[in-house]
Amino acid sequence: MTPRKKTTVPADRLGEPHAQLRGADGKLLGGIVLKDGKWVLGLGGRIVGESDSAAHVLAILKRAAALARAEGREVDLVFSAPLRAAAHKEAEAEGLDFDAFQARLVAQMDAAGKAEP
């Protein structure tokens, strides 16, 4: 995933929406849009990265939802059928189902987090 500068982008310029993570109050916490052939991930009102991989960005957003729930926060994650299909197809191309792909990514993220001082 390529890091991007922290900027606020008007919603009408973000791209085609494919996923939304919302809090119990309905506030948008994160999402995924498709813009210019790239899957763009936003969290906390900021664009945090973009990727060619639907599986990667969906796994990260699902991880964000799981972390929020583990903290006791109610969140709702919805995503489009095209995003799901693209993510599952990518995982299958690597010989994995999406759950295994996601588990591998979470393990990599956890290991990277433990390696940081």
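S80 counts as buried, at 18% relative accessibility, because the cut-off for buried is under 20% relative accessible area. This is a predicted model. S80 sits in the loop between β5, residues 75-79, and α2. Its side chain reaches the backbone nitrogen of L83, and the distance there is 3.1 Å.

S53 is in the loop between β4, residues 46-51, and α1. Is S53 buried or exposed? Its relative accessibility is 17%, so S53 counts as buried. The side chain of S53 reaches two backbone nitrogens. One belongs to H56, at 2.9 Å. The other belongs to A55, where a side-chain oxygen of S53 comes to within 3.4 Å, at the start of α1. Leaving aside residues up to four places away in sequence, S53 touches W39 and E90. Please keep E90 in mind, as it comes back with α2.

Now the overall layout. The protein has three helices and five strands. Starting at the N terminus, the order of elements is β-β-β-β-α-β-α-α. The protein has 117 residues, of which 32% count as buried. Take the contacts with a separation of 6 or more: 51% of them are between residues 24 or more positions apart.

Next, α1 itself. This helix covers residues 54-70, which is 17 residues. From its first C-alpha to its last it reaches 24 Å, close to the 24 Å expected at 1.5 Å a residue. Which residues of α1 are buried? They are A54, A55, V57, L58, A59, I60, L61, R63, A65 and A68. Note that R63 is on that list. After α1 comes G72, with a positive phi near 90°.

On to the packing. Two packed helices are described by the angle between their axes and the distance between the axes. I will take the two partners of α1 in turn.

With α2, residues 81-93, the axes come within 7 Å and cross at roughly 110°. That makes α1 roughly perpendicular to α2, since 65 to 115 degrees is the range for that term. The contact is made on the α1 side by A54, A55, H56 and L58, and on the α2 side by L83, R84, A86, A87 and E90. The crossing of α1 past α2 is left-handed.

With α3, residues 98-115, the axes are 10 Å apart and the angle is about 70°. α1 and α3 are therefore roughly perpendicular to each other. Here α1 passes in a right-handed crossing. From α1, the residues involved are A55, H56, L58, A59, I60, K62 and R63. They meet F98, F101, Q102, L105, V106, M109 and D110 in α3.

One last item, away from the helices. Most residues other than glycine have a negative phi, and most peptide bonds are trans. D36 is not a glycine, yet its phi is positive, about 55°. Where is D36? D36 lies in the loop between β2, residues 28-35, and β3, residues 38-43. D36 is exposed because its relative accessible area is 74%, and exposed means over 50%.

Notes
Residues are numbered from 1 along each chain as its sequence is written. This is a predicted model: local features need pLDDT of at least 70, side-chain atom pairs count only at pLDDT 80 or more; totals for chains, interfaces and linings use all residues. Side-chain values use heavy atoms; hydrogens and water are left out. Helices (H or I, at least four residues) and strands (E, at least two) are DSSP runs, numbered from the N terminus. The expected span of a helix is 1.5 Å times one less than its number of residues. Buried means under 20% relative accessible area, exposed over 50%, partly exposed in between (1.4 Å probe, protein chains only). A polar contact is a pair of N or O atoms within 3.5 Å; within protein, one must be able to donate a hydrogen and the other to accept it, and residues adjacent in sequence count only if both atoms are side-chain atoms. Axes are lines fitted to C-alpha atoms, for helices over the stretch in contact, and angles run from 0 to 180 degrees between N-to-C directions. Angles under 35 degrees count as roughly parallel, over 145 as roughly antiparallel, 65 to 115 as roughly perpendicular and the rest as oblique. A crossing is left-handed if the near helix is turned anticlockwise from the far one by less than a right angle, and right-handed if clockwise. Contact means heavy atoms within 4.5 Å.
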